[in-house]
Structure formats: C-alpha cells, structure tokens
Amino acid sequence: MGVVDPVAARLAVPLTLPIGIGPSPAHAAQGVGFAEMLQAGIQAVDHKISNSDVLVRNFTLDGSVPIHQVTAALEDARMAVEVAMQVRARLVETYRDFMAMQI
Amino acid sequence: MDAMAISRTALDVEWQRLQVIAQNLANENTTNAGGDGPYRPLRLVSGPDAGFEQLVDANGVQSRPVGVRVVGLEPLADGARRVHDPAHPHADADGFVTYPNLDRAAEMTLLIRTSRAYEANLTAMTIAQQMYMRALDLGRR
C-alpha cells in the first residue's frame, strides 16, 4: 500500500472508456440500406458546412462569435468533407473493381 | 465526447474568463455600479460539464471524459477601498469615495494563466485534429 491511494482503488467498477460503436443498435439490424446511410452522412457533412457558413457570417457581421468557434467549425467542416471524399474514393474504386471483373 | 469537443468547451470557458478579467480591470475605478455601491470584482467559476448523477456516480471520478462549462460568476469578498475625496460626486457624508478593492497583481496572474490555458487547449485541439487526419491516411492509395 503506497502513500497515495490509486484512483482505481476508489472505484467499485474499473474505469474504462468506451470507444467505437459497440454492439449494433436495433435499428441498424432492421436493415437500413447503404444508400440511406450514405445520404445521412452527406447530409451531416452539409449541415457542418452550413453551420460553419453561419458562424463566419455572424463573425464578420457583429463579432459576437469568438474566433475559435469560427475556426473550429471551419476545421470541422473541412475534416467532414475529407472523410466524405475518402468514402467516395473507396466507393468508386470498389465499383471499378466490380466492373472490371471477368465473368 | 471526443477530444476536440472537450477542447472547444475549454476554449469557450477561457474566452469568457478573459472577458470577466477585462471587465474587472476596466471597472477598477467604478465608484457607482448601478446605484448600489462600487463595482465588485467578479470571478468566473468553471466546473466539469457533467450531470449531478454523473458526478455522484463512482465516488466523483467520472467514467467518461466530459468538457468544462461555466458554473457561474461570483463576486470577490475583498471589501472596498475608501479614499478621502470630498469633491467627488460619489463621496459620502464624510467625504469618502468607495472604490472596488481590485488586486491588480492577482488579475494579471489570472490573465496569464487564462492565456496559457487557452493556448494549451488549442494545442490539444491541434494534436487531436492531426491524429484524426493521420488516421484518415490509413489505407489511402
């Protein structure tokens, strides 16, 4: 026993941080199509872009928005677009692979 | 809550803390704030952005990372500084004017600490973003 009690000793349950989606939720099991998933993702990206747009406009108009919120939203939108581009690239690549398949 | 969202809440809090310090410094000589005595220096109190049951849960050690939020603004119980100046419009019957007892050194120290905390959170945010973008490079051809 050391001088300082470790934090974990005070916990009834061990401290674990959940990462990832875990077991698939019920609605996913009922069959959401790939197209719907893709569309939802694109809408989320679009929402982030328009959100950053609104923030930039508010910042330039009245300056009530802190600058870090504007840059963070812009960065958020950029990363979302980047992910969408990656998804698109893999999608197109897979499609090409299938089309080039000899039957 | 991901690391970037946590850092963003901290940036918001430090930004507001800076505003409060600026207000304290700006009102150093305010003798009459809204009719009830001199201005009282304020402190921004922040705390973890978790619900009560989450805080009570597991002996106050949080089981998942949360951001930070502004809990409130508390006036400092420092008393007031009285200066003899009978010509001042806000002088009382004895000719004393009451000023806020602002500890300028403490405000400056807090100002620097706020600035450092802001920078630290910006760095954490940048690192989180770099990790995110590096993970995106996985499998890129």
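Biologist: Into which domains is chain B divided?

Modeller: Chain B splits into domain 1 (3-28 + 42-75 + 103-140) and domain 2 (30-40 + 76-101). Those bounds come from an automatic or database domain assignment. This is a predicted model, where local features need pLDDT of at least 70, side-chain atom pairs count only at pLDDT 80 or more, and totals for chains, interfaces and linings use all residues. Residues are numbered from 1 along each chain as its sequence is written, while chains are lettered from A and ligands numbered from 1 in the order in which they are written.

Biologist: How many residues of domain 1 of chain B are in contact with domain 2 of chain B?

Modeller: On the domain 1 side there are 6 residues, in contact with 7 residues of domain 2 of chain B. Contact means that the C-beta atoms, placed from the backbone, lie within 7 Å. The side of domain 1 of chain B that touches domain 2 has 2 nonpolar, 1 polar and 3 charged residues. Here Ala, Val, Leu, Ile, Met, Phe, Trp, Tyr, Cys and Pro are nonpolar, Asp, Glu, Lys and Arg are charged, and the others, Gly among them, are polar.

Biologist: What makes B:Asp2 exposed?

Modeller: B:Asp2 has 10 other C-beta atoms within 10 Å, so it is exposed. The cut-off for exposed is 12 or fewer such atoms; 20 or more is buried, and in between is partly exposed, with C-beta atoms placed from the backbone. B:Asp2 lies in the segment before α1 (3-26) of chain B. B:Asp2 and B:Pro65 are 63 residues apart in sequence, yet their C-alpha atoms are 8.1 Å apart.

Biologist: How many residues count as buried in each chain?

Modeller: In chain B, 14% of the 141 residues are buried. In chain A, 5% of the 103 residues are.

Biologist: Which elements does chain A have?

Modeller: Chain A has 3 helices and 0 strands. Helices are DSSP runs of H or I, at least four residues, and strands are runs of E, at least two, numbered from the N terminus.

Biologist: Why are α2(A) and α3(A) called roughly antiparallel?

Modeller: The axes of α2 (residues 34-61) and α3 (residues 67-99) of chain A cross at roughly 155° and come within 9 Å. Over 145 degrees counts as roughly antiparallel, under 35 as roughly parallel, 65 to 115 as roughly perpendicular and the rest as oblique. Therefore α2(A) is roughly antiparallel to α3(A). Their contact has 15 nonpolar, 4 polar and 2 charged residues.

Notes
Two residues are in contact if their C-beta atoms, placed from the backbone, lie within 7 Å. Axes are lines fitted to C-alpha atoms, for helices over the stretch in contact, and angles run from 0 to 180 degrees between N-to-C directions.
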